[in-house]
Amino acid sequence: MLTRERKALIQQVLRREGRLVAKTFSQQLGVSEDTIRRDLRELAAEGVLQRVHGGALPASAAVADYARREEASMASKVTLGQAGIRLIQPGQIIFIDGGTTNVQLVRHLPKELEITVVTHSPNIAVELVEHPLIEVELIGGRLFKHSIVTLGTACAEAIARVRVDSYFMGVTGLHPETGATTGNAEEAAIKRIISRQAAETFVLATREKLGAASPYGIIPLADVSTLVTDAAPDDEALGALSAAVSVIHA
């Protein structure tokens, strides 16, 4: 079997089953496990999959540059943003992460809502300028241009001094094995700090993020209070996640 044929089969298995075990797959094809590992390394370098111990998981599609992410799945993100409002109560202090889905959340907040929003995303802060009753605390630091959020020591220290009722966390992947993941190690670390400072952590995730993984883990699924998604109730990827996290169908 040619290399390109094996790689095509690998991608088919990941789409169908949501994971691939290198040892089992090599036995099925009658090739060495080293051959399959090499295929997985090459496909991972192409961004097709995420390697994990013993095999691979589907790679998240939500790792493109900000402008492209902003245009992708727009209708779904609007739906999720509108649904996420149900998790916010007047008078609360909430932390809203960066990300194109969370932008839709803040765009749909009622003008009469009175809350405090803490964020390290300049985009989120600007979206709230026209909300007269929402106090905005913008956390500074070094700008990570890919996600348009601040990172660094100053950012982490400021977040550690804040306690919030809830955290709307941005992710690029959610998988039963890897939990919530993202594509940058430092950004993942900042997200972990925010989650520790929040009474509840919420995730608004479009269907393509479910059952997918990115290189850097944020928190396990058990630490996600509620997942809001547009995936169908009978979606296989969602079924695997719903055993570990409460789900709201947008």
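Biologist: Let's start inside. How many residues does the largest nonpolar core have?
Modeller: The largest nonpolar core has 34 residues, and those with the most contacts inside it are Leu174, Leu210 and Leu227. Keep in mind that this is a predicted model.

Biologist: Which helices and strands supply at least two residues of this core each?
Modeller: The helices are H8, H9 and H10 (236-242). The strands are E8, E9 (164-169), E12 (198-205) and E13 (216-219).

Biologist: And what does leucine 174 touch?
Modeller: Leaving out residues up to four places away in sequence, its contacts include Val203, Ala205, Leu210, Leu221, Leu227 and Leu241. Gly179 and Lys209 are also among them.

Biologist: Back to H8, please. Which of its residues are buried?
Modeller: In helix H8, residues 153-160, the buried ones are Cys155, Ala156, Ala158 and Ile159. Looking down the axis of H8, they fall within an arc of 165°, so they line one face of the helix.

Biologist: What covers those buried residues?
Modeller: The cover includes strand E4 (93-96), strand E8 (149-151) and helix H9 (185-196).

Biologist: Which exposed residues sit on the face turned away from the buried side?
Modeller: Thr153 and Ala154 are the exposed residues that H8 carries there.

Biologist: New topic: sheets. In what order do the strands of the open three-stranded sheet come?
Modeller: The order is E1-E3-E2, with antiparallel pairing. Strands E1 (20-21) and E2 (49-52) are the edges, each pairing on one side only.

Biologist: How many bridges join E2 to E3?
Modeller: Four bridges join E2 to E3, which spans residues 55-58. Across that pair, leucine 49 stands opposite proline 58 in E3.

Biologist: Which helix packs on the sheet?
Modeller: That's H3, residues 33-45, and it touches E1, E2 and E3. The direction of H3 makes about 135° with that of E2.

Biologist: Zooming out, how many helices and strands does the protein have?
Modeller: There are ten helices and 15 strands. Buried residues make up 49% of the 250 residues.

Biologist: What about the overall size, how does the radius of gyration fit a compact globule?
Modeller: With 250 residues, a compact globule would have a radius of gyration near 18 Å, and this protein has 19 Å, which agrees. Its C-alpha atoms fill a box of roughly 65 × 40 × 30 Å along the principal axes.

Note on methods:
Residues are numbered from 1 along each chain as its sequence is written. This is a predicted model: local features need pLDDT of at least 70, side-chain atom pairs count only at pLDDT 80 or more; totals for chains, interfaces and linings use all residues. Side-chain values use heavy atoms; hydrogens and water are left out. Buried means under 20% relative accessible area, exposed over 50%, partly exposed in between (1.4 Å probe, protein chains only). The arc is that of the directions from the helix axis to the C-beta atoms. Contact means heavy atoms within 4.5 Å. A nonpolar core is a set of buried Ala, Val, Leu, Ile, Met, Phe, Trp, Tyr and Cys residues joined through side-chain atoms within 4.5 Å. Two strands pair if DSSP finds at least two bridges between them. Axes are lines fitted to C-alpha atoms, for helices over the stretch in contact, and angles run from 0 to 180 degrees between N-to-C directions. The radius of gyration is taken over C-alpha atoms; the globule rule is 2.2 Å times the number of residues to the power 0.38.
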